[in-house]
Amino acid sequence: MKTEVLPASAPGTAARAAEVIRSGGLVGIPTETVYGLGANGLDAEAVLKIFEAKGRPQDNPLILHISAADELNQICHDIPDAAWVLAERFWPGPLTMVLPCRAIVPRRTTAGLDTVAVRCPASDVTREIIRAAGVPIAAPSANTSGKPSPTTAAHVLHDMDGKIDLIVDGGACRVGVESTIVDLTGDTPRLLRPGGVTPEELEALLGSLVVDPAVLGEIAPNAVVRAPGMKYKHYAPAGEVTILSGPSEAAAVFVRRHFSPGDAVLCFSEELPLFADFNPTAYGSESAPETLARGLFSALRGFDDTGARHIFARCPEGGGVAYAVQNRLKKAAGFHIITVPEEDTP
Ligand code: TXA
Ligand code: MG
């Protein structure tokens, strides 16, 4: 299959993408979070192609993307007031809600669950595609399963060239990490994945929020988890990632001791001088966590291009968007974290 790439701004792009979706094909779609791999979410056969193109386990459900909050009624039932409050405040935007699912949604999309994850993305062209297609678009991140999510059309092409019909190039993603997922099907709203909408913002609006234990802890391989995707190794470059936690200077001492040729350093821009001898990659500024979110996946992908075998990584502390960055980086590291200085000073 030849994969076509069209600029989001070109006339006719949305109509062409909608046509591919309606005819059961796959389209790489830009969103403010990461690029999605879209298909008609109500067509089980089209949805199956998503799993095949990504190499995604079929017990991992997909997010349905809608163009406006009122479309929720078509795919969900027993929608709580909290959902409308969140939609009003955060949609279109990087928030996904898990809600009770109507029978119109194929079980292939929800991986057999009786709930469905839904979001209304902020990208104008993508909402236009959804409207023109007239169906919700099921879209996971457009990466090969297990790899860092794509934040540019070039990343999507790298992973999906020859496997999908079309990529809509909407430029680099503004947020850079996947949407925040909140489950509204229980007694208390539950955070399943942190993202661009922060836990603090959700709590302020909802009054209470439970953080699912899977969010920042390692999960046993057979554990039952609320967001099935959270049990898989994720966001990982080919090289092994080790997070160095602690002061910058101590991390630099650690790297100086342990760095071998072929290793790499992922750090904050503020730390570039400290790691200057190790050809460091900065993914953003520690003082502006949203820049870290925006730069993380692209930087992780860069290590595959250079063939880094081992990556020493610096991870931001704290809440807000930094919380989402921690979650992704810790998963990329398989929760391998070293607190520096770990050994005696010389
Ligand atoms: O920002 C995003 O959310 C991007 C863009 C393309 O919208 N999409 C995305 O999809 O990140 P994906 O498939 O990479 O991640 C979806 C996550 C998975 O961890 C999946 O297990 C979880 O959402 N999920 C989907 N349906 C669910 C449900 N009914 N209950 C709980 N978790 C669900
Ligand atoms: Mg994904």
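1. The model is a predicted one.

2. Overall build. The secondary structure of the protein comes to 11 helices and 16 strands. A compact globule of 346 residues would have a radius of gyration near 20 Å, and the protein agrees with this because its own value is 20 Å. Taken along the principal axes, the C-alpha atoms fill a box of roughly 65 × 50 × 35 Å.

3. Burial and contacts. Of the 346 residues, 56% count as buried. The accessible surface of the protein comes to about 14000 Å², and 51% of that belongs to carbon and sulfur atoms. Among contacts between residues at least 6 apart in sequence, 68% join residues at least 24 apart.

4. The sheet of 11 strands. This open sheet has mixed pairing and the order S1-S8-S2-S3-S7-S4-S6-S5-S9-S10-S11. Its edge strands are S1 (4-7) and S11 (210-211), each of which pairs on one side only. Helix H7 (residues 153-160) lies across S1, S3 and strand S8 (166-169), running at about 165° to S8.

5. Strand S5 within that sheet. How many of the residues of S5 are buried? The strand is mostly covered, with 6 of its 6 residues buried. S5 is joined to strand S6 (residues 115-119) by 4 bridges, and these two strands run antiparallel. In S6, Val 116 is the bridge partner of Leu 99, and Ala 117 is the bridge partner of Val 98. With S9, S5 pairs in the parallel sense over 4 bridges; here Thr 96 stands opposite Ile 181 in S9.

6. Gly 38. This residue lies in strand S3 (residues 36-40). Is Gly 38 buried or exposed? Its relative accessibility is 0%, so Gly 38 counts as buried. Leaving out residues up to four places away in sequence, Gly 38 touches Ile 21, Gly 25, Leu 26, Val 27, Ile 50, Ile 137, Ala 138 and Ala 139. Gly 38 and Lys 49 are 11 residues apart in sequence, and their C-alpha atoms are 9.9 Å apart in space.

7. The sheet of 5 strands. In this open sheet the order is S14-S13-S15-S12-S16 and the pairing is parallel. Strand S14 (281-282) and strand S16 (337-339) are the edge strands, each pairing on one side only. Strand S12 (residues 240-245) and strand S15 (residues 310-313) run parallel and are joined by 4 bridges. Glu 240 has His 310 in S15 as its bridge partner.

8. Helix H10 (residues 289-306) lies across strand S13 (263-267), S14 and S15, running at about 170° to S13. Helix H11 (residues 321-332) lies across S12, S13, S15 and S16, at about 130° to S12. In helix H9 (residues 248-258), the residues Ser 248, Ala 250, Ala 251, Ala 252, Phe 254 and Val 255 are buried. These buried residues of H9 pack against S12, S13, S15 and S16.

9. Arg 328. Where is Arg 328 placed? This residue is in helix H11. Buried means under 20% relative accessible area; Arg 328 is at 0% and therefore counts as buried. Apart from its neighbours within four places in sequence, Arg 328 is in contact with Val 177, Glu 178, Ser 179, Arg 193, Pro 194, Gly 195, Tyr 235, Leu 296 and Phe 297. Of these contacts, the reader may wish to inspect Glu 178 in the displayed model.

Note on methods: Residues are numbered from 1 along each chain as its sequence is written. Chains are lettered from A and ligands numbered from 1 in the order in which they are written. This is a predicted model: local features need pLDDT of at least 70, side-chain atom pairs count only at pLDDT 80 or more; totals for chains, interfaces and linings use all residues. Side-chain values use heavy atoms; hydrogens and water are left out. Two strands pair if DSSP finds at least two bridges between them. Contact means heavy atoms within 4.5 Å. Axes are lines fitted to C-alpha atoms, for helices over the stretch in contact, and angles run from 0 to 180 degrees between N-to-C directions. Buried means under 20% relative accessible area, exposed over 50%, partly exposed in between (1.4 Å probe, protein chains only). The radius of gyration is taken over C-alpha atoms; the globule rule is 2.2 Å times the number of residues to the power 0.38. Accessible areas come from the Shrake-Rupley method with a 1.4 Å probe; for residues, only the protein chains shown count as cover.
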